[in-house]
Amino acid sequence: MPTTTRAAVVESGGAPFTLSDVVLDEPGPHEALVRMVATGLCHTDLGVASGGLPFPLPGVLGHEGAGVVEAVGSAVTGVTPGDHVLLSFTSCGDCRNCRGGHPAYCATWLPLNLLGGGRADGTSTISRGGQALGGHFFGQSSFAERALADERSLVKVDPDVPLESIAPLGCGVQTGVGAVWNVLKPDTGSTVVVLGAGAVGLSAVMAAALTPATRIVAVDRVAERLSLATELGATHTVDTSGTDLAPALAEITGGQGADGVVETTGNVGVLRQGVDALGARGTLVVVGAPPFGTEVALEVNGLLGGKRIVGLTLGDSETQTMIPALVRLVKDGRLPLHRLIGTYPFGDIDRAVQDMRSGKTIKPVLMF
């Protein structure tokens, strides 16, 4: 049977989130109905809500959900009612990248997660007053008291870990962690530079602190965030509000440059600085996403020392193995994610948005 639930709807690009009753379709064979307990708020949600991406509006966003399974479709095998789950991105499961353990690069990732607004067959998961709404966002649309989620978006997790403490693992945290663990893979004694100390950047700092890297450099313009980065494992910080990045990194690395750089700001000027800061055979991971069509100029001869520039989606994570490992690290206190989180009642979603934009809260988590 269809389910009526309360959701935060974006009516048009640039409009605020408004609470509204919506109707969820009954679960398809590979879908589950999840009672949401918490969901993180991510900059991608804000980018789509602003009209910056062609997602169909009115619609329901949200893609860092955490909750309890209430019902499952006829073909679901991975979860059962009562299971605690995190909701992450979805994928087809059949293309070469999915079968190769890289579902974040699924051949149908964009329409399934970010742009389509519905199931792969074009049907809608959410309606209001008999009219279809944009939904199926990252296979979940978790800005609602209940979500209809793809089975491939669901990851069963330890029920002893509070869901509000791990909701951000679904996107932002696994992105920052994956940039370090899955791409940079720091060697003993290496230098990792993280450009931007927001939720993704600080997740990268925490991940780097769990590797053999001996220099972990956090770069930002906000002193409070740099102080937090130090507490989370950064060995050095650079405040670019009063210091030039290039000479500061040259001093920290003894002129050798960085072995790895994680660029989270989406600012192409910062990205260029990051490329220039790489040492021989160094790698820069592009995580921050500027508007579509944005280009960056690079000095070609500067790349000939073996520098690599790698784009990244969702940490290149295989969620069924990555997320449970991160949950265990949170549970054991080795990934202090709580230092980033501020909780808000679901009805205060617009205040959470404002606090995120102002920098007051690094990672807002909405509670249901």
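Strand β12, which covers residues 215-220, is largely enclosed by the rest of the structure, because 5 of its 6 residues are buried. This comes from a predicted model, so to speak a computed picture of the chain. β12 has a partner in strand β11 (residues 191-195): the two run parallel and are joined by 5 bridges. One of the residue pairs can be picked out by name, with V193 having V217 in β12 as its bridge partner.

Stepping back to the whole chain, the secondary structure amounts to 10 helices and 18 strands. Strands of a sheet pair through backbone hydrogen bonds, and they can do so in a parallel or an antiparallel way. How does the overall size fit the number of residues? For 368 residues, a compact globule would have a radius of gyration near 21 Å, and the protein chain, at 20 Å, agrees with that. Laid out along its principal axes, the C-alpha trace spans about 65 × 40 × 35 Å.

Of the 368 residues in the protein chain, 53% are buried. The chain still exposes about 15,100 Å², and carbon and sulfur atoms supply 51% of that area. As for charge, there are 25 positive and 35 negative side chains, with the centres of the two sets lying 3 Å apart. Strand β5 (residues 65-72) pairs with β3 in the antiparallel sense over 7 bridges. Strand β9 (residues 146-150) is also antiparallel to β3, here over 5 bridges. V34 turns up in both pairings: its bridge partner in β5 is V69, while its bridge partner in β9 is A147. Strand β18 (residues 363-367) runs antiparallel to β3 too, joined to it by 3 bridges. In that pairing, T39 stands opposite L366 of β18.

Elsewhere, 5 strands make up an open sheet with antiparallel pairing, in the order β4-β1-β2-β7-β8. Its edge strands are β4 (59-60) and β8 (131-132), each of which pairs on one side only. At the β8 end, strand β7 (residues 126-128) and β8 pair in the antiparallel sense over 2 bridges. R128 has Q131 in β8 as its bridge partner.

The loop between β8 and β9 holds Q140. Is this residue buried or exposed? Q140 counts as buried because its relative accessibility is 1%, and the cut-off for buried is under 20%. Leaving aside neighbours within four places in sequence, Q140 is in contact with G62, H63, E64 and G65, with L87 and S88, and with A147, L148 and A149. A147 has already come up as the β9 bridge partner of V34. Q140 and L33 sit 107 residues apart along the chain, yet their C-alpha atoms are separated by 9.7 Å.

Conventions:
Residues numbered from 1 in each chain as written. Predicted model: local features only at pLDDT ≥ 70, side-chain atom pairs only at ≥ 80, totals over all residues. Heavy atoms only, no water. Helix = DSSP H or I, 4+ residues; strand = E, 2+ residues; numbered from the N terminus. Rg over C-alpha atoms; globule rule 2.2 N^0.38 Å. Buried < 20%, exposed > 50% of the residue type's maximum accessible area, 1.4 Å probe, protein only. Areas by Shrake-Rupley, 256 points an atom, 1.4 Å probe, with all protein chains shown as cover. Lys, Arg positive; Asp, Glu negative; His and termini not counted. Charge placed at Lys NZ, Arg CZ, Asp CG, Glu CD. Pairing = 2+ DSSP bridges. Contact = heavy atoms within 4.5 Å.
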